[in-house]
Amino acid sequence: MQITRLRTEYKYNPQGLDVLKPRLSWIIETDVFNTLQVAYRITAAASPDELNNNISLFWDSGKIHSDQSTHVEYNGSTLKPEQRIYWKVQVWDNHNNQAQSNEEAFFEMGLLNNSEWKADWITTGLHEDTSKSSPCTYLVNQFNISKEIKNARIYASALGLYEISLNGEKIGDEVFTPGWTSYQQRVQYQVFDVTKQIHTGKNAIGAILGDGWYRGYLAWQGNKNTYGDKTSLILQLKITHTDGSESLIVSNDKWKSNTGPIIQSDIYNGEIYDSQLEIEDWNTPGFDLSNWTNARVLNHSKSILVDSVGVPVRVIQTIKPIKKIITPKGEIVFDFGQNIVGWVRFSLQGNRGEGITISHAEILDQEGNFYTANLRGIKCEEKYTFKGTGVETYEPRFTFHGFRYIRISNYKGQVSCDDILGCVVHSDMEPTGTFECSNQLINQLQSNIQWGLRGNFLDVPTDCPQRDERLGWTGDAQVFAPTACFNMNTAPFFTKWMKDFPVEQKKNGNIPWVVPNVIPDGGGTGWSDGFGATGWSDAAVIIPWEIYRSFGDIRILENQYQSMKGWTDFMIHNSTDRYIFDYGFHFGDWLSFAEYYSYNYNAPDYGYAGAHTEKELIATAYFYYTTGLMEKIATLLNKIDDAQKYASIRPKIKEAFKHEFVTQNGRLTSNTQTAYAIALAFAIMPDELRHIAAKRLADDVRYFGHLTTGFLGTPLLCDALTDNGYPDLAYLLLFNDRYPSWLYPVTMGATTIWERWDGIKPDGSFQSTGMNSFNHYAYGAVGKFLYSKVAGLNYDNTTPGYKKINIKPYISDKLDYALASLLSPYGHIKSKWSRNNKGITLEIEIPANTTATIYYPSIKKETITINNKPLKDVTIKNASSIFTVGSGKYTIKEN
């Protein structure tokens with residue numbers, strides 16, 4: 001038995017925590033079957049030596065008889081600012097084995113309270129025209145250290161984006177710091193261990209500030225300076241000396257400021273860089289700063305500074321172009337073979353003063369030319385001017401693009417695939433899930449889902465990464481969250497984002513369309529004030545609930561409770577006495593199948609006006625579902641009065657839904673796939689009519705032979721069919737490769753999920769340029785179905801976080817095998833089925849300290865073996881043999 005993957009608040013050895021009771025987790029690895037933890041002991045100390053020798057312990061839990069191995073709260077001595085705590089755990093199992101963790105694990109506290117900030121916010125001392133993109137500000141401070149150094153930390157943040165360096169070297173590998181939050185009330189700071197980069201004697205700290213989300217162009221109305229018109233830095237360097245004394249270097253008006261080679265840096269429009277303006281060694285000790293201007297102190301609150309809860313954004317990988325293209329227009333284009341998010345790094349030569357322009361696009365048009373119309377007018381380009389000193393390597397700092405193709409222009413030299421790299425940038429979430437099967441189109445769909453996740457999880461979950469939007473749309477994230485939780489450890493990412501919901505929420509409980517909210521007037525759409533759309537605002541409740549179910553995290557429910565309650569009570573208040581939620585603007589089933597195009601394949605003309613589902617029907621179903629979640633959450637948190645209130649309201653909503661939207665024969669007033677899928681999935685359909693509603697849904701799918709759903713119906717469609725006895729029709733939809741379907745974009749060469757079912761039409765033309773993203777993850781919500789139904793891997797609804805596991809695949813004769821794996825909070829889970837002429841074989845792996853219920857698709861229990869032994873304690877139900885196992889690896893088949 002080994003104890004591995006020691007984590008604090010989901011992270012390995014985190015720095016800068018402000019949680020006074022951090023939660024500790026570990027994984028038990030063993031080859032022994034049916035292993036359960038029966039006890040643990042955690043010890044913690046200030047150093048590895050004290051910890052290993054059990055002296056001067058900050059915490060000794062003693063032997064705790066418990067099976068809890070995730071989210072165990074630290075309960076030792078009160079934690080202090082900047083304190084580092086080393087910890088280890090000893091575990092006893094039900095086979096009388098014990099083991100102790102060997103890996104070094106620690107967590108380090110942040111500043112904890114704002115009085116610890118001694119630094120000032122500082123900005124450039126130069127005049128800026130902030131009505132347009134201004135040159136990036138360069139800040140520097142030189143200082144001397146006379147004593148020997150034990151350790152050193154930098155605490156830093158910015159209004160805008162920042163990159164800091166120490167003695168000429170960039171600190172850390174994070175990008176887009178401090179991240180995007182609701183800057184009016186929350187600005188994250190980062191902590192950097194610079195012990196190895198600082199030294200006695202002369203030192204220099206440098207910083208570069210970019211506009212970023214703070215004052216760059218944001219949203220589609222040409223908005224700029226959304227949060228303010230001055231970029232600013234706050235930084236303090238805390239040095240602990242070997243004699244126990246401390247030194248503090250802080251940002252103040254003694255720092256120097258200037259501009260440099262970055263003429264423009266904007267998230268939407270890209271970067272303009274003139275290397276002729278580079279200032280060599282500007283951030284090193286001894287550089288002459290006499291021509292630099294003193295920085296200016298900015299009067300800005302420090303109370304908004306908070307620790308970084310989420311995961312850093314990094315350059316995760318690099319990709320070489322797969323080919324160079326000369327387009328029919330004669331333009332030089334490189335194809336990376338994959339729609340990615342990030343930027344390009346090049347190494348090229350040019351004479352002094354000559355330049356190069358790199359433009360970005362997701363797609364080529366019908367003729368094979370570079371296509372940027374769907375970017376809606378923003379530039380998405382880098383312009384670089386050479387200094388003429390040989391091979392020059394460049395990549396931007398404070399911008400990102402969504403692209404598969406780049407166009408090279410205004411360059412006099414030759415460019416090859418070897419000169420260019422695509423840098424893939426996203427939040428550095430730990431990959432946890434894989435899915436594959438015998439159908440290569442579905443495997444490409446899974447790849448597209450994961451690439452869409454990567455590209456749009458860049459500090460906030462954005463709708464798209466390429467046009468003048470890239471906002472934290474709540475509805476998109478809500479429908480995709482379960483799929484995201486299968487593929488990545490999204491818990492810290494979503495935890496960070498959810499903290500901005502109460503900040504942006506109105507006092508009456510209403511939730512905005514986007515978080516952080518940068519379109520308070522609805523973005524000029526005229527639809528509403530940008531608040532309160534059903535399915536979008538419900539993210540306030542549904543996403544924390546999904547994090548709880550996927551990761552066993554009850555703290556996110558505690559922290560978000562008032563926000564969740566506010567939105568639910570807003571719906572109650574505005575449903576009046578009818579219990580129909582028809583208040584305000586709703587997007588409804590956004591981008592559902594709306595018309596029939598006469599494309600060149602043999603399909604009947606349905607005479608179909610469109611799959612329009614009444615918004616009031618959808619809103620009332622969500623009202624019922626979200627109120628039900630709140631009943632469960634209130635019960636979990638022992639808020640009994642709230643639980644009783646929500647429990648009493650739900651039957652009234654269900655009865656109102658029946659009266660308003662359901663005929664006596666079980667037909668919904670909106671006779672659409674979305675209406676039936678939502679009514680079934682949310683259990684608002686009257687119980688006695690469920691089978692009729694399921695049949696109507698099935699009949700509709702058979703009639704069309706394809707889906708007709710939009711953003712809200714699509715995530716529920718296959719589950720609604722499968723859970724109500726029609727898995728064959730769910731597979732029919734999954735395998736369909738004609739428009740509209742999940743596989744149609746795959747057949748058209750997609751490498752990410754599209755915003756629209758027909759982003760590229762079968763005749764090769766494009767959808768409307770006003771809204772046609774080729775990297776938009778919402779329809780990728782089918783990924784949950786791939787994991788949980790096709791491969792059959794899911795958590796048990798009775799116990800969160802995969803403490804109990806369900807293995808229940810739905811076998812298709814169109815597949816030879818399907819396989820899903822997941823690194824759960826307890827360890828690695830695997831569910832694979834394969835079939836041949838001898839029958840079906842399941843290969844299952846269950847981690848220690850968990851149990852699993854397995855559904856084998858046969859009722860001939862006497863013929864089923866598990867690891868070549870007869871099955872015992874089997875229940876037969878719904879054409880399956882059902883049994884429970886503990887940890888271990890199992891092969892299950894019929895003889």
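Why does Ala45 count as buried? Ala45 has 0% relative accessibility, so it falls in the buried class (buried is under 20% relative accessible area, exposed over 50%, partly exposed in between, with a 1.4 Å probe and protein chains only). Before we zoom in: this is a predicted model, where local features need pLDDT of at least 70, side-chain atom pairs count only at pLDDT 80 or more, and totals for chains, interfaces and linings use all residues. Residues are numbered from 1 along each chain as its sequence is written, and side-chain values use heavy atoms, with hydrogens and water left out.

**View 1. Ala45 and its surroundings.** Ala45 sits in strand S4, residues 37-45 (strands are DSSP runs of E with at least two residues, helices are runs of H or I with at least four, and both are numbered from the N terminus). Skip the neighbours within four places in sequence, and Ala45 still touches Glu50, Leu51, Ile55, Ser56, Leu57, Phe58, Arg84, Ile85 and Tyr86 (contact means heavy atoms within 4.5 Å). Lys88 is 43 residues away from Ala45 in sequence, yet their C-alpha atoms are 9.3 Å apart.

**View 2. An open sheet of three strands.** The strands come in the order S1-S3-S6, with antiparallel pairing (two strands pair if DSSP finds at least two bridges between them). S1 (2-8) and S6 (72-73) are at the edges with a single partner strand each, so one side of each has no neighbour in the sheet. Two bridges link S3 (residues 23-29) to S6, and Arg23 lies opposite Glu73 in S6.

**View 3. Helices H11 and H12 crossing.** The axes of H11 (residues 673-681) and H12 (residues 690-704) come within 9 Å and cross at roughly 145° (axes are lines fitted to C-alpha atoms, for helices over the stretch in contact, and angles run from 0 to 180 degrees between N-to-C directions). On the H11 side, the residues that meet H12 are Gln673, Tyr676, Ala677, Ala679 and Leu680. Their partners in H12 include Arg690, Leu697 and Phe704.

**View 4. Helix H9 and what follows.** After H9 comes Asn638, with a positive phi near 60°.

**View 5. Helix H16, mostly covered.** Seven of the eight residues of H16 (783-790) are buried, among them Phe785, Leu786 and Tyr787. Just after H16, Gly792 has a positive phi of about 85°.
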